[in-house]
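The sequence and structure come next.

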Amino acid sequence: MAPSRDSNVKEESSQVSYKKAINTKTERIIQNRKHANDIFDVIEYLQSEKENEIIFATNACSKIFCELLDRGDLYVGELPKEEDLMHGDRSAEEKYHIFMRHRYNSCVELLLENIGHEAFRVKEMSLCALMKFVAAEGKHPLQNLDWCEHYNFPRELILALVKHLLSEKEDMSLLISRFQEFMEKDDVRYYVMSSVRDNITRVMGRNKRDVIPVYQNNVFTLLSTINIPSQASEMTNFLVKQEKKHEDWKAARLKEHKRAFEQMWLVFLKYKLPSSMYKKILVILHESILPQMGDPTMMIDFLSAAYDIGGAISLLALNGLFVLIHEHNLDYPDFYKKLYNLLDPSIFHVKYRARFFHLANIFLSSTHLPVYLVAAFVKRLARLSLTAPPTALLILLPFICNLIRRHPSCKVLIHKPSAAEEPCDDPYVMEEKDPAQCHALESSLWEIKTLQRHYHPDVAKAAMMINEPLSEQEEDISVLLELSTFELMERELKAERKTIPLEFDTATELLKSPREVLGVHFSLE
């Protein structure tokens with residue numbers, strides 16, 4: 001049923017009435033101190049059940065208190081209790097400053113509560129208003145902060161804002177993405193990082209053994225949006241301008257930013273994480289986290305723990321370990337032993353298969369690796385090839401041949417005289433976790449010989465390579481790493497095929513009935 005004209009008129013008039021009331025009171029508060037009590041009515045709208053009223057009142061409060069901060073009409077220092085205003089010999093102006101400072105605090109508390117409002121527009125407007133207060137307090141500090149540590153930046157307000165952004169019950173990813181705009185300011189970013197670190201310590205400290213999925217997802221969303229400038233000369237974008245000793249301000253020093261970034265991530269990763277969170281972190285670790293840390297080797301404990309979990313998480317941990325080993329000379333004990341044990345049938349079906357083989361190819365590229373170790377990898381991959389899909393086999397077979405090219409001593413696996421003479425038990429022990437004890441060098445690559453009869457012609461052709469002497473030039477497997485089953489089928493369907501004659505003489509009587517055939521015979525007689 002359509003709303004009546006009277007109801008529309010009432011709704012329109014109510015909208016006009018609250019806007020007019022808020023605008024009128026706002027102007028009166030700003031223009032004359034005797035109307036200071038009108039601030040109660042404006043702040044009350046922040047608790048309205050109507051979304052539009054909250055948004056309009058939020059803009060009004062932002063206008064009022066930014067103006068009061070600019071004029072210096074808010075009390076500075078440790079705020080006396082409001083009840084004490086009735087006693088003592090304070091001047092009327094000081095009482096006004098204390099009164100409005102209390103109203104400002106009430107407004108901030110309500111805006112922080114509205115960060116958790118069900119309507120996103122209310123959340124967004126509350127966030128923007130609070131960040132305006134951060135900028136205004138930065139110019140006109142309300143607290144006597146330690147000059148050397150925080151200068152005149154409102155750290156407490158940022159800390160409270162971060163606390164509400166990192167909700168334990170509600171997914172705040174959309175609002176955090178909106179907050180990313182403010183973290184482009186160098187000083188905001190620095191104090192957000194230190195506030196996140198303190199918040200994680202407080203929240204996770206009381207839940208040491210438990211995961212808090214919603215909270216930890218909010219933390220990860222916020223952390224993953226933080227990017228540190230690569231050079232100190234790039235740090236010129238500040239929300240609050242410091243008039244004195246700007247170069248000594250921690251928020252203006254790249255080294256302090258990297259230290260805060262490092263501490264923030266290390267505290268987050270110290271606690272137990274949901275399994276899905278490991279994957280999210282490891283995917284971005286080598287590109288977005290390690291390069292921005294002051295000492296990336298501090299991540300070794302997290303990477304070692306992730307590497308020991310197994311499955312796709314271990315595969316993803318390889319990227320981070322690769323960076324630490326190759327770029328930071330990290331000595332990782334039993335690395336190749338653990339890499340060897342990652343080789344199981346599941347690697348052919350995981351999402352990160354291409355990344356794994358790319359990194360494995362790099363790790364096994366050194367010609368200084370012992371022969372027994374390379375032979376163990378070759379034999380294990382050959383054994384796994386018996387149950388691998390065609391797309392994986394087209395990676396595996398060139399991969400194995402490349403390993404043999406790099407290490408000619410492994411050719412003994414191909415040219416095994418006893419293997420051709422008579423059937424025998426394979427001495428290779430697939431279940432052995434130590435590559436030095438698996439007896440790979442005593443075995444042969446009979447698995448690849450078997451694959452020469454594979455149903456897929458490309459696989460059979462690739463397996464035929466071991467029948468001829470291997471060329472010195474390695475095959476480029478990078479073009480095969482992302483090969484999918486669909487692409488393989490498309491390639492087969494588009495391949496040109498020759499018409500093969502099935503019979504020399506053209507058949508002419510295949511479709512004739514027996515009676516017609518007999519009629520032909522009778523006519524011949």
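On the surface, Y372, V412 and L441 form a nonpolar patch that has about 220 Å² of accessible area together. Patches are built from residues with over 30% relative accessible area and no salt bridge, joining nonpolar side chains (Val, Leu, Ile, Met, Phe, Trp, Tyr) within 5 Å and like charges within 9 Å. Areas come from the Shrake-Rupley method with a 1.4 Å probe, and for residues only the protein chains shown count as cover. V412 lies in the loop between α18 (390–406) and α19 (417–421). Helices (H or I, at least four residues) and strands (E, at least two) are DSSP runs numbered from the N terminus. V412 counts as partly exposed because its relative accessibility is 34%; buried means under 20% relative accessible area, exposed over 50%, and partly exposed in between (1.4 Å probe, protein chains only).

The model is predicted: local features need pLDDT of at least 70 and side-chain atom pairs count only at pLDDT 80 or more, while totals for chains, interfaces and linings use all residues. Residues are numbered from 1 along each chain as its sequence is written, and side-chain values use heavy atoms, with hydrogens and water left out.

The structure holds 24 salt bridges, where a salt bridge is a side-chain nitrogen of Lys or Arg within 4 Å of a carboxyl oxygen of Asp or Glu.

| Pair | N to O distance |
|---|---|
| R90 and E94 | 3.0 Å |
| K123 and E170 | 2.5 Å |
| R155 and D198 | 2.7 Å |

In the salt bridge between K123 and E170, the pair links distant parts of the chain, 47 residues apart: K123 is in helix α5 (residues 120–139) and E170 in the loop between α7 (155–165) and α8 (173–179). K123 is buried because its relative accessibility is 6%, whereas E170 is partly exposed at 26%.

The salt bridge between R155 and D198 also links distant parts of the chain, with R155 in helix α7 and D198 in helix α9 (residues 186–205), 43 residues apart. R155 counts as buried at 15% relative accessibility, and D198 is partly exposed with a relative accessible area of 30%.

For R90 and E94, which meet in a salt bridge, R90 is partly exposed at 29% and E94 is partly exposed at 25%. Salt bridges also link R33, E67, R71, D73 and E93 in a network.

Two packed helices are described by the angle between their axes and the distance between the axes. For helix α10 (residues 213–223) and helix α11 (residues 254–270), the axes come within 12 Å and cross at roughly 155°. Axes are lines fitted to C-alpha atoms, for helices over the stretch in contact, and angles run from 0 to 180 degrees between N-to-C directions. α10 and α11 are therefore roughly antiparallel to each other; angles over 145 degrees count as roughly antiparallel, under 35 as roughly parallel, 65 to 115 as roughly perpendicular and the rest as oblique.

Most residues other than glycine have a negative phi. N329 is not a glycine, yet has a positive phi of about 55°. N329 sits in the loop between α14 (311–327) and α15 (335–341) and is exposed at 69% relative accessibility. H439, not a glycine either, has a positive phi of about 60°. The place of H439 is the loop between α19 and α20 (446–451), where H439 is partly exposed with a relative accessible area of 36%.
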